[in-house]
Amino acid sequence: MAEFQWPARWPDPAEPLWAADLAAAIRPRNPAEAALIACLGGNSPYLAALARREPHCFDVLLRDGPDRIVGDALARLASLTADLPRNAVAAALRQAKRQVALASAVADIGGIWRLEQVTGALSRLAEAALGAAIRHLLWEAASRGDLTLARPDDPETGCGFVVLGMGKLGAGELNYSSDIDLILLYDPAAHPGREEIGRTFNRLAAALVGLLQTRDADGYVFRTDLRLRPDPASTPLAVALPSALIYYESHGQTWERAAMIKARAVAGDRALGQSFLAAIRPFVWRRHLDFAAIEDIHRMKRRIDGRHGGPQAGCGDLLGYDLKLGPGGIREVEFLAQTMQLVWGGRAPDLRDPTTLGTLGRLAQGKYMPAGVAADLADSYRMLRRVEHRLQMQDDRQTHSLPATAAALASFERFLGEAGQVAAIQPHLARTRGIFEAWFTETGQAQAAPATDRLDSDRDLLATLRGLGFVEAERAAGIVSGWRNRQLRALRSDRAQALLGEMLPALLAALAEQRDPILALVRFDSLLSRQSAGVQLLSLLVRNPPLLARIAFVLSAAPALAEHLAIVPGALEGLLVPPSGQQAGLLRLLDRQMRDAGDSEEAVRRARTLVRGEAFRLALAQMDARLDVDRAGLARTALAEHVIVGMLAQVAREHRARYGRIAGGGMVVVALGKAGSREMMDGSDLDLMLIYDHPVSVAENASQYYIRLTHSLIAALSAPGAEGPLYALDMRLRPSGSKGPVAVSLEGFRRYHAERSSTWERMALSRARVVAGPPALRARVGRAIGRAIEPPDGARAILLRDATAMRARLAADLPPRGRWDIKRLDGGLMEVEFIAQILQIAPLPTTGGAARVRHPTTRLALRRLARGGALSRRDAALLIEADRFWRALQSMLRILFGAALPPTLADATPALDALLQGMAASRTSRLQSLDDLQRQMRLTAAEVRQTFKRLIGDPTRPTLSGDDHD
């Protein structure tokens, strides 16, 4: 084996006599080894002592490199038998520590390993040492008869006792002379009948601490810190798992949530540890965006600053500077990363990375933090950790402070390897401190807020409102004074009042920018009046000043969204999620939340929170012209499909537990209408059909079984809430309509469409998609739908007459409710969809087969029809443009006004401004006024009506057919 190639350049020795002393004891074989030995001997008494104590290890290190040393040491720990005497275990642990400490230090100093490799090696050592110690202690306890091991040959598995690694150990980021933060838990249920099991595990915990941190002739392994356990002042070293769960659910604090981000089962019963961490996941990762946590973390940092001299004006004087806790230090980088995880991680599982550098990378990748800021913080973190390690390597002390005298600091700089390294620390500290202040402190908030000063009196308030342009300033002042006088329940606490004071100037300035400021203010008052507590909402607004302008826009322009926001203020969270890849992360979170729900009711609650937030985000993105109607439809449909899939899985599990399983059977969900065409709008119903199949041998009970399952699924998907059902369902497109059973068998579906189906049912099936259920059954149902759509030979003329007659009957029975009833207008959206649907089920022979021109999405079906020759390119382009125009207009009307159509719209109103702006994303040219919009509506309707007459028939002179449209 070739010898390891060490670098020739090493830091110069600060103490040449020490260097010569070590060189005399360990003779170098070449200049590179001589430089390394001089560096260790002349800078670090601790490392020099390790090299002397472990000459064979040092020789192998010089020859084969650090990976060999670490690998061999960890392998020896893994192979330790549990029945060794205590002193032999202690000696083996301490030797492994010496060898890994030496190898990782040399790899760090020589630049052989990156920071992650150094901290990873130290963390793996701690984990291996804990495992070896726990195996031995469990074996000892079992030998005394204190407990019974589930696996005597593998004491850790199923032992009911787990070691959670916290802090840097949990994250795999141990520093060179780090304590290890542990939480020790045991499960009494794993040892039934043993009333003294708590005492047993507490004796074991005390023995573990002693085995690791007691200093003897061989040194020590790791100092341990158990103070992160629940309520450490009143709990024993080892805490019963049920007690820990109750504590976190009832009394857990924000700093404990932050600590649990890094928690990891590192020894003992790891399965028990993983189940515990899964159980407290809702405590750590809140479903809502938790901006209130920012102030909690900031208060904790202020307490740290108070204990360590407080924030300094600058970082110019580095004598004695604390690189960990000082301003701009390591802890501020960690706090920034963890706080942003607490805020966003509930909605974005991708951010749940225990490592600091990993988290910074994920924050930048997800656009939660500017990439440049994340890169600056990562650079500072790496640099400060490197210096911290070098400080600790000198004497194996857990220090983070630079030397306190100029001479000592100059000597230490030699160990860093290059002149000017100490001065290079200052820019990193200053940059990190600036980022930290911008995120956390009042200074950062003041920069984000407008120049309006505090409004200390009613007279000041009235003058300010008049200056901002509020026409009804007295009325506005009365509303705001009520807030400040704590008339609203949400604003009665001192903290809520403090947050209101911070937010108020920016809020009033944002409202004043609207076309109707007093209307927006009244709606914001309605929002606040419906909150039981205002801290969470106000914290979110204080920490996100740009959000105020968007909320003011909504409150002024969109009455339906304003009402929704008042009922569901958490919907605001969807606006803060960065746009890059945001829905993919939300859908993964939705899948996980529903999968982990205890029952269907909990699944509904979890889904509702995410669905409402995402619906609000998509609506405002359309209003802002950041999202066109096509992409919005795809996003809403994807959201609904994930809810359907997750809810079907949940109710099916509960159904099987109650009624058993039908062997070989299954049920699928078919989406039709706008859900089938992937064109869902704000508030769209879900048009669904449920089809089941089963072996003939179990036909007797299958129908009732699947009808019950269907009712459960319908109840879950349409579960009511304060803001209405999760989704409004329409099941009338199933065979036999509302008169038949809610679920139909596959055989019944086939038979119905072979014998009785009408033209309108075939048209509806042109938008059918199977979205949930067993894959094999989904494929069978998909083929059955394709066959059901196929028309009889020579039926084209009949089908066209049927479509014409149906349009005429709908116009007579369900005429437009006004000029804004986009769907039912003559030449409106319904006629575009009729053309696409009927031409798909009644294709010309030249198209090469019906399947080639079909697509559930209207615009894509029109393109296929043009390619197949069933439509001219001119007609297809006209209809595609009309489809897009009508859907964009209808979608914006839904967003602004909900299900109620506006009786009228006038120029120079906030709603019209919002409507025209929102349509801009879906139009090639911007509509400037109400006249522009109405002109475009008339032109589009006339063109669509003429095309319908030419291609399908004249619905004003219907031809009767035998088709029954009821």
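Gly 868 is buried, with a relative accessible area of 17%; buried means under 20%, exposed over 50%, and partly exposed in between, using a 1.4 Å probe and protein chains only. You'll find Gly 868 in the loop between α39 (858-867) and α40 (873-897). From there to Arg 144 it's quite a walk: 724 residues along the chain, with 84 Å separating the two C-alpha atoms.

A word on what you're looking at: this is a predicted model, where local features need pLDDT of at least 70, side-chain atom pairs count only at pLDDT 80 or more, and totals for chains, interfaces and linings use all residues. Residues are numbered from 1 along each chain as its sequence is written, and side-chain values use heavy atoms, leaving out hydrogens and water.

Now zoom out. The protein has 42 helices and 10 strands; these are DSSP runs numbered from the N terminus, with helices being H or I of at least four residues and strands E of at least two. Its C-alpha trace spans about 110 × 80 × 60 Å along the principal axes. Of the 966 residues, 58% are buried. Take the contacts (heavy atoms within 4.5 Å) between residues at least 6 apart in sequence: 74% of them join residues at least 24 apart.

What about the cysteines? A disulfide is a covalent bond between the sulfur atoms of two cysteines. Here, a pair of cysteine sulfur atoms has to lie within 2.5 Å to count as one, and the count comes to 0. Take Cys 39: the nearest cysteine sulfur, that of Cys 57, is 17 Å away. Cys 39 is buried, at 0% relative accessibility, and Cys 159 is buried too, at 1%.
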